Amino acid sequence: MIPAVALVVGIVVGLVFKPAVPTGLEPYLPIAVVAALDAVFGGIRARLDGIFDDKVFVVSFVSNVLVAALIVYLGDKLGVGGQLSTGVVVVLGVRIFGNVAAIRRHIFRA
């Protein structure tokens, strides 16, 4: 219940205050969102499998976002930021779809 309320409060706060992302951080926002979605879907899958641990979820969430941002940052410094961003999105996208497929199988038995 608390996560759902926090999600609703976060959406309302975002819609009311319309926070702006600093220009220097704009390349990292999509990667951070995809990394966060990977952790969220992994957490949902773990919950359905009965192996969810909140500490593991928080560490996974923060580390996914930081590692993805670090990879993109290093890519920007090396001049291959676009390619590394694409690589991060592909890897995390594959993980997200794998977790969504497992969630679907668990819920619908199909």
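Modeller: The largest pocket is lined by Pro3, Ala4, Ala6, Leu7, Val40 and Phe57. A pocket here is found on a 1 Å grid over the protein atoms alone: it is an open set of points where a 1.4 Å probe fits, with protein on both sides within 12 Å along at least five of seven lines, and lining residues have an atom within 4 Å of a point. This is a predicted model, in which local features need pLDDT of at least 70, side-chain atom pairs count only at pLDDT 80 or more, and totals for chains, interfaces and linings use all residues. Residues are numbered from 1 along each chain as its sequence is written, and side-chain values use heavy atoms, with hydrogens and water left out.

The space in the largest pocket comes to about 310 Å³, a volume being the space filled by probe spheres set on the grid points, which are joined across faces, edges and corners. Its lining has six nonpolar residues, with no polar and no charged ones. Ala, Val, Leu, Ile, Met, Phe, Trp, Tyr, Cys and Pro count as nonpolar, Asp, Glu, Lys and Arg as charged, and the others, Gly among them, as polar. Helix H1 (residues 2–17) gives the most to this lining, with four residues. Helices (H or I, at least four residues) and strands (E, at least two) are DSSP runs, numbered from the N terminus.

Two of the lining residues, Val40 and Phe57, also take part in the contact between H2 and H3, Val40 on the H2 side and Phe57 on the H3 side. The axes of helix H2 (residues 29–49) and H3 come within 8 Å and cross at roughly 155°; axes are lines fitted to C-alpha atoms, for helices over the stretch in contact, and angles run from 0 to 180 degrees between N-to-C directions. H2 and H3 are therefore roughly antiparallel, the word for angles over 145 degrees. The crossing of H2 and H3 is right-handed, meaning that the near helix is turned clockwise from the far one by less than a right angle. By class, the contact of H2 with H3 has 12 nonpolar, three polar and one charged.

As for the whole chain, its secondary structure comes to four helices and zero strands.

Conventions: Parallel < 35°, antiparallel > 145°, perpendicular 65-115°, else oblique. Contact = heavy atoms within 4.5 Å.
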